[in-house]
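Visitor: I'm new here and like to know what's behind the labels. Could you walk me through a few of them?

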Amino acid sequence: MAVTLLTVGTRGDVQPLVGLGVRLRQTGLEVRLATHARFEKFVTDNGLVFYPLEGDPQELWHHPDGEKFMESDSLKLLDLMARIMLPAVEKLTQQTLTACRGARAVVTSTNMPTGWHVAEHLNLPCLFAGFAPAWPTKSYPHLLFPSSKRNRPSLSNLLGYWTVEQYGWGLFRNEINRVRKSLLGLPSNPLWGPYRQIRQLKTPVMFACSSTVVPKAEDWPDYVSNTGFWFLEGSDDWVPPRRLTEFLDAGPPPIYFGFGSMGGRKPQRLAAAILEAVVRSGERCVVATGWAGQVDAPLPERVLCIEEAPHEWLLPKCSVAIHHGGSGTTGAALRAGIPSLVFPFFGDQSWWAQRLQELGCAPPPQQETSLQVDELAALLRVVAGPGAFREAARRVGVVIRREDGVGQAAILVEKALRSPGYRPKQSPLSGP
């Protein structure tokens, strides 16, 4: 029995589904994961069947609009995403169809434009996977609209979700409907999109987030859940390079500094200023270059530069995590029980940074435009030392380490395999 997992985006959009896939495979299922070709080895090394999808997310940072993308927020961000993804919708649908044929259920990330429609064509149970809670609620604003009034329930919060939902659908509606008719033999979705049907069918929506970090909204329906973070286990088997273990053994826990899949000119400029602040703070530091590339400046002995290491292995050995506020890095830092210092770039990163601040696990989100190296160095010494930030992070970490997010998600997938009520409504022209 096969299950197909679908996602597009960066490593942070892929790794949680790999974690879920590994758990599902342990229950005896064949698990396929369809995503970009650059992640093929990552997927297959974890025992999952790989299917390729259109696009290379790293090319975005070298695209003429790449830096604009990272500096965008709110609805402008959706415009840029549509500009990049619309030309690929038809091919992406064809590839999604190939990956889903013969499967018994589909789990599609919420940033994947074709998964629901292919599941409808094949009449398969479909579940949505999101990596930041973004279901309509009055309780707090949409992640594209972080606000200092986050904890004040209001109708404007709910309207924000509907605005993003309908604006995003409007950008893709014509192309999605064209492909539904020409390739999938399905009728066009109505003006308001597939969302009414998704809600009427009580399609399971799983957010890979801890309720300790973002409590489930009181007005969410039962089929929407925070399962807990989806961590990829097995990092205990990872063999670190010798120079990393020697560095870690040579002194107190270092600061971790990495922007993950963020790339292009802006992260490199910002990284140079942050590194200068780290050096002035007197702290030790492990720098994970990720997609941003190599650090050009010469480094002192108390700073080690590596390409990457599993967060689940490295962060518990560190004192602070300086990062961009991606959901995966945020979850890993919280699980490790260490405070964060966040420099958000775009999308939901400001939202996560704000949530870390509210939990007491980080100071306010940092901005490149107001960065003063000496002030940042002083702040680093405070965050890295004993105090309120460390104690808050320790308490949250204890709770998160007790949770089993992938286990809870796997239960929902197995339930979908047994329940035809999760299936999209089949059109007379749908496939078998």
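Guide: Let's start with S281, which lies in helix α10 (residues 265-281). Helices here are DSSP runs of H or I with at least four residues, strands are E runs of at least two, and both are numbered from the N terminus. Keep in mind that this is a predicted model, where local features need pLDDT of at least 70 and side-chain atom pairs count only at pLDDT 80 or more, while totals for chains, interfaces and linings use all residues. Residues are numbered from 1 along each chain as its sequence is written, and side-chain values use heavy atoms, leaving out hydrogens and water.

Visitor: Why does S281 count as buried?

Guide: Buried means under 20% relative accessible area, exposed means over 50%, and partly exposed is in between, using a 1.4 Å probe and protein chains only. S281 has 7% relative accessibility, so it counts as buried.

Visitor: And what does S281 touch?

Guide: Leaving aside residues up to four places away in sequence, S281 touches A377, L380 and R381. Contact means heavy atoms within 4.5 Å. Also, a polar atom of the S281 side chain lies 2.6 Å from the backbone oxygen of V278.

Visitor: What is noted about phi of K202?

Guide: Phi of K202 is near 55°, a positive value in a residue other than glycine. N123, not a glycine either, has a positive phi of about 55°.

Visitor: Why are α12 and α15 called roughly perpendicular?

Guide: The axes of α12 (residues 327-336) and α15 (residues 388-402) cross at roughly 100° and come within 6 Å. Angles of 65 to 115 degrees count as roughly perpendicular, under 35 as roughly parallel, over 145 as roughly antiparallel and the rest as oblique. So α12 and α15 are roughly perpendicular to each other. Axes are lines fitted to C-alpha atoms, for helices over the stretch in contact, with angles running from 0 to 180 degrees between N-to-C directions.

Visitor: Which residues of α12 and α15 make the contact?

Guide: From α12 come L334, R335 and A336, and from α15 come A393, V396, G397, I400 and R401.

How values were computed:
A polar contact is a pair of N or O atoms within 3.5 Å; within protein, one must be able to donate a hydrogen and the other to accept it, and residues adjacent in sequence count only if both atoms are side-chain atoms.
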